[in-house]
Amino acid sequence: MSEVRRPDRSAVPDRPVGDLHPDYPLPDVDHPVTRPFWDGCRERRLLVQRDRETGAFHWPPKPSYWKGGRLEWVEATGTGTIYTWVTGRAPFLPAFEELLPLVMVVVELDEGPRLVGYMVDCRPDEVAIGRR
């Protein structure tokens, strides 16, 4: 299988929220259920929940009482396989105009959960189901 290009983002400074288009949707980074995920993102780490008893990974995040409080946040490898994808060619919000064409993907992490996101620095002709 071929590899998707992953640009080195370690030298890229965080973009201030003030630079975003006013229609750009922002997540609630302080919500108690998702806060550990966003804290991990700030540290450039991908965190998912795992059941301490079964080892099963969970996504989307669940509240702390879920499964009797057995879920813990752990770092995922950050690698996976494209499960499905679509190319957006018309913005559903003005904020996304500059991102077009926008390649949106569902990636199945090597740990199992599927996450929705979009590809960065990737052309539509570079994407394929099953690509890593």
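These notebook entries record what I looked up in a predicted model of one protein.

**Entry 1. Overall composition**

I began with the secondary structure, which comes to one helix and six strands. Reading from the N terminus, I noted the order α-β-β-β-β-β-β. I then looked up burial and found that 27% of the 132 residues count as buried.

**Entry 2**

I next traced an open sheet of three strands, with the order β2-β1-β3 and antiparallel pairing. Strands β2 (57–58) and β3 (71–75) each have a single partner strand and stand at the edges, so one side of each is left without a neighbour in the sheet. I looked up the pairing of β1, residues 47–51, with β2 and found two bridges. Across this pairing, Arg50 stands opposite Phe57.

**Entry 2. Strands β4, β5 and β6**

I then followed the pairing of β4 with β5, which is antiparallel and has eight bridges. Within it, I identified Val105 of β5 as the bridge partner of Trp85. Strand β5 also pairs with β6 (residues 114–118), again in the antiparallel sense, over five bridges. There, Gly117 in β6 is the bridge partner of Val105. I inspected the hairpin of β5 and β6 and counted four residues between the strands. In this hairpin Gly112 takes a positive phi near 125°.

Is Val105 buried or exposed? I found Val105, which lies in strand β5 (residues 102–109), to be buried, because its relative accessible area is 5% and the cut-off for burial is under 20%. Not counting residues up to four places away in sequence, I listed its contacts as Ile82, Thr84, Trp85, Leu115, Val116, Gly117, Tyr118 and Met119. I also looked up the separation between the C-alpha atoms of Val105 and Tyr83, which is 7.4 Å, although the two residues are 22 apart along the chain.

I made the corresponding entry for Thr87, which is found in β4 (residues 80–88). Thr87 is buried as well, with a relative accessible area of 17%. With neighbours within four places in sequence left aside, Thr87 is in contact with Pro101, Leu102, Val103, Met104 and Pro124.

**Entry 3. Nonpolar cores**

Which residues make up the largest nonpolar core? I recorded six: Ile82, Val103, Val105, Met119, Cys122 and Val127. For Val127 I looked up contacts beyond four places in sequence and found Ile82, Trp85, Val103 and Cys122. I noted a second, separate core of five residues, among them Val48, Ala76, Leu109 and Leu115.

**Entry 4. Aromatic rings and charges**

A search of the whole structure gave me four aromatic pairs. I found that Tyr24, Phe92 and Phe96 form one aromatic cluster. Finally, I looked for charges over ring faces. Arg114 lies over the face of Tyr83, at 3.6 Å from the ring centre. Lys62 lies over the face of Trp66, at 5.9 Å from the ring centre, a value that falls within the 6 Å cut-off for such a placement.

Notes:
Residues are numbered from 1 along each chain as its sequence is written. This is a predicted model: local features need pLDDT of at least 70, side-chain atom pairs count only at pLDDT 80 or more; totals for chains, interfaces and linings use all residues. Side-chain values use heavy atoms; hydrogens and water are left out. Two strands pair if DSSP finds at least two bridges between them. A nonpolar core is a set of buried Ala, Val, Leu, Ile, Met, Phe, Trp, Tyr and Cys residues joined through side-chain atoms within 4.5 Å. Buried means under 20% relative accessible area, exposed over 50%, partly exposed in between (1.4 Å probe, protein chains only). Contact means heavy atoms within 4.5 Å. Rings of Phe, Tyr and Trp (its six-membered ring) pair if their centres lie within 6.5 Å; planes under 30 degrees apart count as stacked, over 60 as edge-to-face and the rest as tilted. A charge sits over a ring if NZ of Lys or CZ of Arg is within 6 Å of the ring centre and within 35 degrees of the ring normal.
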